[in-house]
Amino acid sequence: MAIFIRSSMSKSKLIFSLTKIITPVTSMKLSTCNLEYIITEKVGEKQNVGLVKLNRPKALNALCDGLVTELTEAVSAYDADDSIGAIVVTGSERAFAAGADIKEMLDKTYSTNLKTGLLKQWDNLSKCKKPVIAAVNGFALGGGCELAMMCDIIYAGEKAKFGQPEIAIGTIPGAGGTQRMIRSCGKSFAMEVCLSGNQISAQEALTRGLVSKVFPPEKLVDEAIKLAEKISEHSPLIVALCKESVNYAYESSLSQGLQFEKKSFYGTFATDDRKEGMTAFTEKRKPNFSNN
């Protein structure tokens, strides 16, 4: 959950051109016939990266129900697409996502939230088996920050701003802000961010471990796609197992995590791709993974 920022800007600043950094590009067909709030494309040299661009510029990509529905459906579609190895989620240079749509939440009550499961559909994003990279330019506040933290890797533009400003409108984060930030940045810093509502610069986010790398805004998406292409070179099956093992560390003690990792490691020896990978290494050739 988050703050919706009101800001006036010229239309020229809302134009997000990918033509210089993505070649070639192929449109992806989703189950939804008409996408209103996002743009989806297959990108990269081998067309093996799924790109989802949030596209609600007048509202700084505020995360209304319609946008979140389209986003979760797009990620699920890419997750089921065997030609896709990794997914990149981005916004515009002005805003990744400035927060949830407060107008949609204004008249909701505790009982209706409990009955309908407000924000519950957001959980579907974290169920994706393939790696999801957030390419964050501009504002990533409230729900936007939570959305970024749901992704597996966060790359940030130099002018990106992160934060959990819900406290300023009389509520608290509701999609993981109080839970995920503490795991990345520690208790003291998470408390400061959530209780003050202050924004975090990209450089401070990097120092705190919230993001892994920072790039000039115009190079951000290109760099995220390069990383996604690198990941896509590997066995999708083994990548999924590795992602699951890293994520398990969030939910377990060290001893439990080590045991889970060991079992997953042993499990790779039942796959064709483990055999192919090690054989290719000893034969000094590139592996030909089959996802089995």
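Glu-276 is buried, with a relative accessible area of 17%, where buried denotes under 20% relative accessible area, exposed over 50% and partly exposed in between, calculated with a 1.4 Å probe and protein chains only. The model is a predicted one, in which local features need pLDDT of at least 70 and side-chain atom pairs count only at pLDDT 80 or more, whereas totals for chains, interfaces and linings use all residues. Residues are numbered from 1 along each chain as its sequence is written, and side-chain values use heavy atoms, with hydrogens and water left out.

The side chain of Glu-276 meets that of Arg-285 in a salt bridge of 2.7 Å, N to O, the term being used for a side-chain nitrogen of Lys or Arg within 4 Å of a carboxyl oxygen of Asp or Glu. Arg-285, with a relative accessible area of 35%, is partly exposed, and a network of salt bridges links Glu-276, Glu-283 and Arg-285. The structure holds 8 salt bridges, one of which joins the side chains of Asp-81 and Lys-42 at 2.9 Å, N to O. This pair links distant parts of the chain, 39 residues apart, with Asp-81 in the loop between helix 2 (65–79) and strand 4, and Lys-42 in strand 2 (residues 38–43); helices (H or I, at least four residues) and strands (E, at least two) are DSSP runs numbered from the N terminus. Both Asp-81 and Lys-42 are buried.

A salt bridge is also formed by the side chains of Asp-152 and Lys-243, at 2.9 Å, N to O. Asp-152 lies in the loop between helix 5 (143–150) and strand 8 (153–157) and Lys-243 in helix 10, so the pair ties together parts that are 91 residues apart in sequence. Apart from its neighbours within four places in sequence, Lys-243 is in contact with Cys-128, Lys-129, Lys-130, Pro-131 and Asp-152, contact meaning heavy atoms within 4.5 Å. The side chain of Lys-243 reaches the backbone oxygen of Lys-130 at 2.8 Å, and the C-alpha atoms of Lys-243 and Pro-131 are 7.1 Å apart in space, although the two residues are 112 apart in sequence.

Cys-128, one of the residues in contact with Lys-243, is buried, with a relative accessible area of 4%. The closest cysteine sulfur to that of Cys-128 is in Cys-151, at 9.3 Å, which is too far for a bond. Cys-185 is likewise in no disulfide, the nearest cysteine sulfur, that of Cys-145, being 8.4 Å away, and Cys-185 counts as buried at 14% relative accessibility. With a disulfide taken as a pair of cysteine sulfur atoms within 2.5 Å, the count comes to 0.

Thr-90, in strand 4 (residues 86–90), counts as buried at 1% relative accessibility, and a polar atom of the Thr-90 side chain lies 2.9 Å from the backbone oxygen of Ala-135.

Conventions
A polar contact is a pair of N or O atoms within 3.5 Å; within protein, one must be able to donate a hydrogen and the other to accept it, and residues adjacent in sequence count only if both atoms are side-chain atoms.
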